[in-house]
Amino acid sequence: MAKRYIRWFKDLSIDDTALVGGKNASLGEMYRELSAAGVRVPNGFAVTAQAYRDVLEANGAWARLRETLADLDPDDIQSLQVKGRQAREIVSSCELPEPIVEGIKTAYAELRREYGDDIRLAVRSSATAEDSPDASFAGQNDSFLNVQGVDGMLDAYRRCLASNFSDRSLHYKHDNRFDPFKVDICVVIMKMVRSDLATSGVMFSLDTETGFRDTVFINACYGLGENIVQGTIDPDSFHVHKPTYQRGRRGVLKRRLGSKEKRMILTEAMGGENLVMERTVNVETSPEDQARFCLEDDEVLQLADYAIKIEHHFTVRAGKPRPMDMEWAKDGGDGKLYIVQARPETVESRHDQRILETYVLKERSKVLVSGQAVGGRIGSGAAHYIRDTGQLGDFKAGEVLVADVTSPDWEPIMKVASAIITNRGGRTCHAAIVARELGIPAIVGARNATERLPGGRIVTVSCAEGETGAVYDGELEFAIEKTDLSDLPKTRTEIMMNLGNPDIAFSLAGLPVDGIGLARMEFIIGEYIKAHPMAFLHPERVDEGERAKVAAMACSYDDGKDFFVKTLAEGIATLAAAVYPKPCVVRTSDFKSNEYAALVGGRAFEPDEENPMIGFRGAIRYSHPDYSEAFALECSALRRAREVLGLDNNIVMIPFCRRVEEAHKVLATLARNGLERGIRGLQVYMMCEIPNNVIQIDAFSACFDGFSIGSNDLTQLTLGVDRDNGIIAEDYDERDPGVLEMIRLAVEGCKRNGRHSGICGQGPSDYPELAEFLVQHGVDSISLNPDSVLATIARIAKIEKGT
């Protein structure tokens, strides 16, 4: 009789879903198969589906439930609320048969022997249809934490059974075509991890927004993880690159500091030994804790290790790729990290990888609010602020849902919204998860959206511009572009892309390119670091106001140098990860002196030049006393990206190198800073953008492994046209015969010396005749802005076919 109702994790596998539900089956599979591999899962047992059926049968509940739900219309919110409550009351009033009670008590006693008499329990629902590759059932049924005592455990068990008929669960079953009488509720009873005393969160073995499969994405907060799911706080987030991690190069690829305004903890016990659960309460997180990451790097890497092992195991079991969605918790008592749930990811992993779908905003208007973008889509409609569940019936299909946060009870209106905007939450909160499943755009963590978006105002919600989503005033035009990548021809000429923004790197990873031909370091410095590198090294030379800004930027790091190096390294590595193992050509900083001066603290370190375009710029800076310390930080970041994070597909490229003597000097400077050409496979390229680079291509070829023709500067210096001067802009033309001759000589010089030749610029996509010219002369690669890649591939293939 015991096995009829109770099954221990050690006796379960993923094949037992019909017996014990998806959550139990997954936990059992991991406990049994992955504990030896170092993946920690708390022990526990399952109360079976048979127990659920016997409870209802013994109490004559089946007929009453069928009568109650006979004419249920889940889209009628009022009817759903009334009938759902009646169904739950039927189940809650059921008496538990004695054999089930005794089985649970006996198993509980065994858990107490293993973990001690003061064990706290997690009692969690586990539906027989949940955690499948097609339906997650995430958040549809109830779970209870910190359960104590026999009576409390049995009461929590009964509540879990009743939650099979929660409003959200009934609606979810209807939408996914599950018969509510054929989905049984099993229950997990396991040792609770005391994350209320530490940290917890969720993680995925892919990027949730783009479907990029080479990363582990981790969200983390202080205390219980419910704050992440509810969207109550903005969590910390981390990415770890799976391919390089598996090669032994282990570091955090990318991180984002969340505000983590609150920490969910447990209050004092009330009601004594037989309490169902201790109440939870949100307390303010101290400013000091908000300003630091809640996980150390080694903890992030341990979680990534768990994720990689779990994904690999379930992939092998399924016989096909199986990206996973996991919950983790750190125990404040023993300080260890545990996996408390794992299920197949059910949104991005189901997308057809051969079809590239891109949403493109055709116009812009005033930005009303912004926040974290969920998905890459665009939607528009009238804003409608919903304060609580009592207003759900007022919402109309096609409106933009605006709320502080959402919960599973809101899902009937979420599925008819054109977009969702919330004040709070991160990329794995409830609003984000549901929006992703429904395929609608959402912006979470928009902070004051409910105040700034009055009801009825027409807005456009764009999540198609990177990790930051924007709410624009009015209804804006946008297009949806779909490309079948399997139909694209393969070209002899390598087609690469220009990319500087790490936020959009993963979304572009699906483009059929041969790598990144130009990764602009100055974009990362300008957008993510925002301060002059020398300001971190010599804050005493910066005025008081800017010194405070510089200090605030680095408050989550060891010091300013640590902030600059890690932030720049992670930006570089993220770009390289998007195309790994294909090459990523990273150009060292190429700000002009006036652009450096515009950075925070920059005025203290930059000269005031009449013509910065041809002034203190490029290679000459790197060994100059006024910048050499800063360049050492750039080199440290490049080394970290290559050697610690393992993105050794990075190729270093030197800009604006005027003379051969300067080339020797910059190579020596690189070597002094640990970046010696040829060591650890390091290649060094040069921007070929000065007429002297072309004239002395043979001499420069002795110094560098390849060249990228910078057509912008080469055109202006060949024609003597300042490209920033609008008065003479009409004389700037990359197709001028003199410029074309310079390009021809550069390409032929590269061939003659066995060096790579490429071009990075918009010219080949803007001017078909320039692309034809390059192909005819045998350029090795053409690097384009991402929006030009697909059209240019077709054009180049046609040109090659005719040559």
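Start by selecting Ile6; its bridge partner in strand S2 is Val47. Helices (H or I, at least four residues) and strands (E, at least two) are DSSP runs, numbered from the N terminus. The model is predicted: local features need pLDDT of at least 70, side-chain atom pairs count only at pLDDT 80 or more, and totals for chains, interfaces and linings use all residues. Residues are numbered from 1 along each chain as its sequence is written, and side-chain values use heavy atoms, with hydrogens and water left out.

**Stop 1: the open sheet**

Show S1 and S2 (residues 44-47). They pair in the antiparallel sense over three bridges. Two strands count as paired if DSSP finds at least two bridges between them. Now widen the selection to the whole sheet. Five strands form an open sheet, ordered S1-S2-S5-S3-S4, with antiparallel pairing. Look at the edges: strand S1 (6-8) and strand S4 (143-147) each have a single partner strand, so one side of each is left without a neighbour in the sheet. On average, neighbouring strands of this sheet are turned by 20 degrees against each other, direction ignored. Axes here are lines fitted to C-alpha atoms, for helices over the stretch in contact, and angles run from 0 to 180 degrees between N-to-C directions.

**Stop 2: H6 against H8**

Select helix H6 (residues 77-92) and helix H8 (residues 150-162). Their axes come within 8 Å and cross at roughly 145 degrees. H6 passes H8 in a right-handed crossing. A crossing is left-handed if the near helix is turned anticlockwise from the far one by less than a right angle, and right-handed if clockwise. Show side chains: Arg88, Val91 and Ser92 of H6 make the contact with Arg158, Leu161 and Ala162 of H8. Contact means heavy atoms within 4.5 Å. By class, the contact of H6 with H8 has three nonpolar, one polar and two charged residues. Ala, Val, Leu, Ile, Met, Phe, Trp, Tyr, Cys and Pro count as nonpolar, Asp, Glu, Lys and Arg as charged, and the others, Gly among them, as polar.

**Stop 3: Asp207**

Go to the loop between strand S6 (199-204) and strand S7 (215-222), where Asp207 is found. Asp207 counts as buried, at 3% relative accessibility. Buried means under 20% relative accessible area, exposed over 50%, and partly exposed in between (1.4 Å probe, protein chains only). Leaving aside neighbours within four places in sequence, Asp207 is in contact with Phe212, Thr215, His239, Glu348, Arg427 and Phe506. Check one of these: the C-alpha atoms of Asp207 and His239 are separated by 8.4 Å, and the two residues are 32 apart along the chain.

**Stop 4: the S12-S13 hairpin**

Strand S12 (residues 324-330) and S13 pair in the antiparallel sense over seven bridges. Pick Ala329; its bridge partner in S13 is Tyr338. Six residues lie between the strands of this hairpin, and Gly335 takes a positive phi near 75 degrees. Colour strand S13 (residues 337-344) by accessibility: eight of its eight residues are buried.

**Stop 5: the barrel**

Seven strands make a closed barrel, running S15-S19-S18-S17-S16-S20-S21, with mixed pairing. From one strand to the next, the twist averages 35 degrees. Zoom in on strand S18 (residues 419-422) and strand S19 (residues 442-444), which run parallel and are joined by two bridges. Ile420 has Ala442 as its bridge partner in S19.

Next, Thr468 in strand S21 (residues 468-473). Thr468 is partly exposed, with a relative accessible area of 46%. Not counting residues up to four places away in sequence, Thr468 touches Ser370, Gly371 and Ala373. Thr468 and Ala373 are 95 residues apart in sequence and 5.1 Å apart in space, C-alpha to C-alpha.

**Stop 6: H20 against H23**

Helix H20 (residues 560-579) and helix H23 (residues 628-644) pack at an angle of about 50 degrees, with their axes 8 Å apart. That makes H20 oblique to H23. Angles under 35 degrees count as roughly parallel, over 145 as roughly antiparallel, 65 to 115 as roughly perpendicular and the rest as oblique. The crossing of H20 past H23 is right-handed. H20 residues in the contact include Phe564, Leu568 and Ile572, and those of H23 include Leu633, Leu638 and Arg640. By class, the contact of H20 with H23 has ten nonpolar, one polar and four charged residues.

**Stop 7: H30**

Finish at helix H30 (residues 768-776). Its buried residues are Leu770, Ala771, Phe773, Leu774 and Val775. Their cover includes helix H28 (737-752), strand S29 (756-760), helix H29 (763-766), strand S30 (781-784) and helix H31 (789-802). Just after H30, select Gly778, which takes a positive phi of about 80 degrees.
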